[in-house]
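Read each question and try to answer it from the picture before reading on.

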Amino acid sequence: MLAKFSGGESPVDFDHRYKSPLYTEDHRAWRAALRKFVETEIMPHVDEWDEAGEFPRELYKKAAAVGLIGLGYPAEYGGTPVDDPMYSIVTSEELARPGAGGINASLMVHGIGLPPVLAIGSPEMKQRIAPQVLAGEKIHALAITEPSGGSDVANIKTRAVREGDHYVVNGSKMFITGGMRADYYTVAVRTGEAGSKGISLLLLERDMPGFTRTSLKKQGWWASDTAALYFDNVRVPAENLIGEENRGFIGIMLNFNRERIGMAAGANAYARVCFEDALAWARDRQTFGKRLADHQVIRHKFAEMFRKISATQAYLEQCAVRVAAGETPVADLCMLKVQATLTMEFCAREAMQIMGGTAYMRGCRVERIYREVRVNAIGGGSEEIMRDLAARQLGI
């Protein structure tokens, strides 16, 4: 979707950025294929799905067919094994173009649910679960956050007690993306002592007796089926233990670095969408005898938005290079996420201000993005947690 104004296509649209040599022909081919999928299968339906609070389940299979669901996963389970964070950046950027984070969150929820299984699960479990998920036939969610707390993962209260060849699970989870219609759930439970050393991961299935779900209505991410989960003496076969008992915390932590690169790329792409739509509007809108874009105060808004977006993109790509080289720059990845979500928040605010009442109406990309700022700033590690973790990593 290119911005339009009275002079034709905008020279500052979603794709206007420094043409980094980090993007190869393969990356560009993937971007083109994914863009075609997004423009054909998602963009025409965004408003309808947002208002409905969900999207068709068939979208998972369609996304799998173009290689989206399986990208970055082992070929033995039906995936396309690429170990290159630049693909994650391209993917997050293209999925951000519709300006509807709820669709992305639920469509790609396997990206947080499945990795612990592949990282520490048994060979039998991997073979039983992964091929169905990567084919888009099954949905796999992650259940960690609880009503009593979100960021303090080490202090979860949902408990699993071993009884013979089963674990009996009691407790609840909150704000679970994909929680209403997932088939599999990677669930963090307490099996041992207080703190991170007493946490295990269990694979739960949706129809287990005693396992119920309640749909949640939200400020943003309307098209995401977000749920509260309840466990009332749910009996889970012992073979559904993911990894070793009381060693589940590492399974949770392993995926965070890649996840934060993807989240940062998405947040900065949402900022670019806001820039693009606001610029197209300002070039068309006439106020006080001239284009809105010709007023100095508006031009300065755009300059500042562009500065923040460009700086964030440079930081994003620097972190991606380091991760690709085998580094684990935890402090930088934490600060990158903060930088990206603050940039998204700033650009959403300024785009709303520039577009006025138009951006306040439903069916506008900027309106949806503005509603979804907070979930990006909190999910995957809140700004406060990210700053504190970075400070500790830096020895401050």
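Q: In which helix does A119 lie?
A: Helices here are DSSP runs of H or I with at least four residues, strands are runs of E with at least two, and both are numbered from the N terminus. In this predicted model, A119 falls in the run of residues 115-120, which is helix 7.

Q: At which pLDDT do side-chain atom pairs count in this model?
A: Residues are numbered from 1 along each chain as its sequence is written, and side-chain values use heavy atoms, without hydrogens or water. Because the model is predicted, local features need pLDDT of at least 70, totals for chains, interfaces and linings use all residues, and side-chain atom pairs count only at pLDDT 80 or more.

Q: Is A119 buried, exposed or partly exposed?
A: Buried means under 20% relative accessible area, exposed means over 50%, and partly exposed is in between (1.4 Å probe, protein chains only). A119 has a relative accessibility of 43%. That value therefore makes A119 partly exposed.

Q: How many Å apart in space are A119 and L254?
A: In sequence, A119 and L254 are 135 residues apart. In space, C-alpha to C-alpha, the distance between A119 and L254 is 8.0 Å.

Q: Which residues does P131 touch, leaving out those up to four places away in sequence?
A: P131 is in helix 8, residues 123-134, and is partly exposed at 24% relative accessibility. Contact means heavy atoms within 4.5 Å. By that rule, P131 touches Y77 and K126.

Q: What span in Å is expected for helix 11?
A: The expected span of a helix is 1.5 Å times one less than its number of residues. Helix 11 covers residues 296-324, which is 29 residues. From first C-alpha to last, helix 11 reaches 42 Å, close to its expected span of 42 Å.

Q: Which helices are among those that cover the buried residues of helix 11?
A: The buried residues of helix 11 include I298, F302, M305, I309, L316 and C319. Their cover includes helix 4 (85-96), helix 10 (256-284) and helix 12 (330-355).

Q: Are helix 11 and helix 12 roughly parallel or roughly antiparallel?
A: Axes are lines fitted to C-alpha atoms, for helices over the stretch in contact, and angles run from 0 to 180 degrees between N-to-C directions. Angles under 35 degrees count as roughly parallel, over 145 as roughly antiparallel, 65 to 115 as roughly perpendicular and the rest as oblique. Helix 11 and helix 12 pack at about 160 degrees, with axes 10 Å apart. Helix 11 and helix 12 are therefore roughly antiparallel.

Q: What is the handedness of the crossing of helix 12 and helix 16?
A: Helix 16 (residues 383-393) packs against helix 12 at about 150 degrees, with the axes 8 Å apart, so the two are roughly antiparallel. A crossing is left-handed if the near helix is turned anticlockwise from the far one by less than a right angle, and right-handed if clockwise. The crossing of helix 12 and helix 16 is left-handed.

Q: How many disulfides does the rule count?
A: A disulfide is a pair of cysteine sulfur atoms within 2.5 Å. The sulfur of C334 is 10.0 Å from the closest cysteine sulfur, in C319, so it is too far for a bond. C319 is buried at 0% relative accessibility, and C334 is also buried at 0%. The number of disulfides counted is zero.

Q: What is the phi of W221?
A: Most residues other than glycine have a negative phi. W221 lies in the loop between strand 8 (211-215) and strand 9 (227-237), and is buried at 17% relative accessibility. W221 is not a glycine, yet its phi is positive, near 55 degrees.

Q: In which strand does N233 lie?
A: N233 also has a positive phi without being a glycine, about 50 degrees. With 46% relative accessibility, N233 is partly exposed. The strand that holds N233 is strand 9.

Q: Which residues is V273 in contact with, leaving aside its neighbours within four places in sequence?
A: V273 lies in helix 10 and is buried, with a relative accessible area of 0%. Its C-alpha is 18 Å from that of S88, 185 residues apart along the chain. The contacts of V273 are F14, A96, R97, R365 and I369.
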